[in-house]
Amino acid sequence: MNKILVKFRLAIAGCLLLTAAVFVDGRSGLSIEPDGDGVETRCGWFSNPTPANIWLNDRDGEWIIGVQGGYQVEGDWDWPDFKPRQWVRTNGNYGYGCACFQLRVNKETHEVIEIKSSRALPLATCRRDRALKKWKLD
């Protein structure tokens, strides 16, 4: 059998196996899932409008990082390093920006349980994301 035909048959077999796995499991191996300890990447509008009020709005909703006088994520965590053009001031130094976080969340309460890391993104990244349009911060 020629090499091209063998490669073609192997490719077809691989596609069939992936299709069968999706059918049985209900999802593809290409989706982003939390790792073994529940850490996942979430990106969206990071908002800090007033002291101790901090949250992240992504395509799945609002994730509470802190509420003044109420819930606060435990531990120290690094704030995204926003450049001046990446942070929109709305109340003195308070405001919002676009960011990604490696974190663990409680999907029932929408509270952030732990923040592993964060990074600032250009505002245009969130502005262009159709899934974030409902959060219309600017």
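Student: Helices (H or I, at least four residues) and strands (E, at least two) are DSSP runs, numbered from the N terminus. On those terms, what pattern does the protein chain follow along the sequence?

Tutor: The pattern is α-β-β-β-β-β-β-α, from 2 helices and 6 strands. Keep in mind that this is a predicted model.

Student: What is the average pLDDT of the protein chain?

Tutor: The average is 80, and 71% of the residues score at least 70. Residues 1-35 stay under 50 throughout.

Student: How many contacts beyond four places in sequence does the model have for residues 1-35?

Tutor: The model has 10 for that stretch. Where pLDDT is low, the predicted coordinates should not be read in detail.

Student: OK, packing. What share of the protein chain is buried?

Tutor: Of the 138 residues, 28% are buried. The accessible surface comes to about 9,400 Å², with 56% of it belonging to carbon and sulfur atoms. As for contacts with a separation of 6 or more, 54% are between residues 24 or more positions apart.

Student: Which residues have the most contacts inside the largest nonpolar core?

Tutor: Those are Phe46, Ile65, Phe82, Phe101, Leu103, Val112 and Ile115, in a core of 15 residues. Two or more residues each come from S2, S3, strand S5 (94-106) and strand S6 (111-121). S5 gives the largest share, 4 residues.

Student: Take Ile115. Which residues is Ile115 in contact with, leaving aside neighbours within four places?

Tutor: Ile115 contacts Ile65, Val73, Trp77, Phe101, Gln102 and Leu103. Another core lies apart from the largest one; that other core has 8 residues, among them Cys98, Leu121, Leu123 and Leu132.

Student: Switching to charges. How many salt bridges are there?

Tutor: The count comes to 7. One of them is between Glu40 and Arg42, at 3.0 Å from N to O. Arg42 also forms a salt bridge with Asp58, where the closest N and O atoms are 2.6 Å apart.

Student: Where in the chain do Arg42 and Asp58 sit?

Tutor: Arg42 is in strand S1 and Asp58 in strand S2, 16 residues apart, so the pair links distant parts of the chain.

Student: And why does Asp58 count as buried?

Tutor: Because its relative accessibility is 3%, and the cut-off for buried is under 20%. Arg42, at 6%, is buried too, and so is Glu40, at 10%.

Student: Which residues do salt bridges with shared partners join into one network?

Tutor: That network holds Glu40, Arg42, Asp58, Asp60 and Lys107.

Student: Backbone next. What is the phi of Ala52?

Tutor: It is positive, about 65°, although Ala52 is not a glycine. Ala52 lies in the loop between strand S1 (40-50) and S2, and is partly exposed, with a relative accessible area of 31%. His110 has a positive phi too, about 60°, and is not a glycine either. Its place is in the loop between S5 and S6, with a relative accessible area of 22%, so His110 counts as partly exposed.

Student: Last one, Trp79. Where is Trp79?

Tutor: Trp79 is in the loop between strand S3 (61-66) and strand S4 (87-91). With a relative accessible area of 38%, Trp79 is partly exposed.

Student: Which residues does Trp79 touch, beyond those up to four places away?

Tutor: Trp79 touches Phe46, Asn48, Ile54, Trp87 and Ser118. Its C-alpha atom is separated by 7.9 Å from that of Arg119, which is 40 residues away along the chain.

Note on methods
Residues are numbered from 1 along each chain as its sequence is written. This is a predicted model: local features need pLDDT of at least 70, side-chain atom pairs count only at pLDDT 80 or more; totals for chains, interfaces and linings use all residues. Side-chain values use heavy atoms; hydrogens and water are left out. Buried means under 20% relative accessible area, exposed over 50%, partly exposed in between (1.4 Å probe, protein chains only). Contact means heavy atoms within 4.5 Å. A nonpolar core is a set of buried Ala, Val, Leu, Ile, Met, Phe, Trp, Tyr and Cys residues joined through side-chain atoms within 4.5 Å. Accessible areas come from the Shrake-Rupley method with a 1.4 Å probe; for residues, only the protein chains shown count as cover. pLDDT is the predictor's confidence in each residue, from 0 to 100. A salt bridge is a side-chain nitrogen of Lys or Arg within 4 Å of a carboxyl oxygen of Asp or Glu.
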